[in-house]
Amino acid sequence: MNFKLLFSLLLLVGVWSCENSTATETKTDDKKTEAHGHDHGSGDHAGHGHDHGAAPKSAMDSTTLLFPGETHIANLKQLTFGGDNAEAYFSFDNKNLVFQATNPKWGVECDQIYVMPISGYEGDMPKLISTGKGRTTCSYFMPGNQEIIYSSTHLGNEACPNSPRQVNGKYVWGIFSDFDIFVADLDGNIKKQLTNSPGYDAEPTISPDGKTIVFTSTRTGDLELWTMNIDGSNQKQVTKGLGYDGGAFFSPDSKKLLFRASRPESAEDQKTYKDFLKKDLVQPTNMELYVCNVDGSDLKKITDLGGANWAPFFHPSGEKVIFASNHKNAGKGRPRFNLYMMNLDGTGLEQITHDLVFDAFPMFSPDGKKLVFSSNRNNGGGSDTNVFIADWVE
């Protein structure tokens, strides 16, 4: 979460500065530069930068939409067609997806939240769940599958927020202080506001047991992971290291957290990070993956690949992780993001996708049978990012 945001900038930088990562560099669009994170967002969450570019058509099988070597995915199906679609996550019953998108044809200025069946939507557009105002990111189904949680800036400003992409020659993206976390029903009615602290609160995801929410917040002056009960109570800080901690997901047993983080080490890099953060900005930097217990104990760095490693998610076994990375060509021109899988201790690295431009935001269905992710494949040579779903093959 905030992933998308990062996604775009990284794209621009050529290393994918993003947790927002993106892929090409032909034409850019502010949209991906914000947020997974998650926007994991990115989440990423959290931004999304467009321009991932298109992979050579000759490399992809036009019938299967697969590239050579993609043996872990089968029956790949494209669910969206045009615009920027990312961070698609399954409902607890495996039947639906909630995702964020910007598509001029749908009449919204920047990312909003939509839902659709795993078979894809019918009609001109999927069902809008967010307000249509401000910028949203990092949506996730609530237990029971009748409500969704997401982050939005609409209370602070109903307009689409923007931030500079460069400051003193350095690529940056906005950590909008108007972001708060909301719960809405499937008709788009906001049922509850879960955060109201000053600053950025976004990138929420929910534990498989339905009891806990993890999110990213600047309430202590840095971008740290926090947890809260499913009703928003009992908010606790999880991480404390300087840098951007975000895009967190729970292990299948709900006992661990997997996330990506930047860790500025030199005095100069730390000063730059702090100065930008005071202005609600983050400079996209290298990111690695970390795992810890839900209370923050037993923190371990599990990648040391270089480049941007982000958008991680646990394999159904709880013993492996899948994630997006450009480590193979970081700093070598146009960034290429693919999905990789490895053991939880960092061994056994295996490349899962072979798109020549961009694959990211992977999530396994709760039953472990399917994988959903976002990709620039089959986009007609443009910069559209679409949602794809496939059967998972061990």
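The count of aromatic pairs comes to 19 in this predicted model. One of them joins Y89 and Y140, a tilted pair at 5.5 Å centre to centre with 45° between the planes. This pair links distant parts of the chain: Y89 is in strand β2 (residues 84-90), Y140 is in strand β6, and 51 residues separate them.

**Aromatic residues**
- Y89 is buried, with a relative accessible area of 1%.
- Y140 is buried too, at 6%.
- F176 and F179 have ring centres 6.3 Å apart and planes at 45°, so this pair is tilted.
- F176 is buried at 11% relative accessible area, and F179 is buried at 1%.
- Y89, Y140, F249 and F313 form one aromatic cluster.

**Around S139**
- S139 lies in strand β6 (residues 136-141).
- Its relative accessibility is 0%, so S139 counts as buried.
- Leaving out residues up to four places away in sequence, S139 touches Y89, V98, F99, I113, I149 and Y150.

**A four-stranded sheet**
- Four strands form an open sheet in the order β13-β14-β15-β16, with antiparallel pairing.
- β13 (201-206) and β16 (236-237) are the edge strands; each has a single partner, so one side of each lacks a neighbour in the sheet.
- Two bridges join β15 (residues 224-229) to β16.
- W226 stands opposite Q237 in β16.

**Charges over rings**
- The charged end of R219 sits over the ring of W226, 4.8 Å from its centre.
- R260 lies over the face of Y244, at 4.0 Å from the ring centre.

**Confidence**
- The protein chain averages a pLDDT of 87, and 84% of the residues score at least 70.
- Over residues 5-52 the pLDDT is below 50.
- Where pLDDT is low, the predicted coordinates should not be read in detail.

Terms used
Residues numbered from 1 in each chain as written. Predicted model: local features only at pLDDT ≥ 70, side-chain atom pairs only at ≥ 80, totals over all residues. Heavy atoms only, no water. Pairing = 2+ DSSP bridges. pLDDT = per-residue confidence, 0-100. Contact = heavy atoms within 4.5 Å. Buried < 20%, exposed > 50% of the residue type's maximum accessible area, 1.4 Å probe, protein only. Phe/Tyr/Trp six-rings, centres within 6.5 Å; stacked < 30°, edge-to-face > 60°. Lys NZ or Arg CZ within 6 Å of the ring centre and 35° of its normal.
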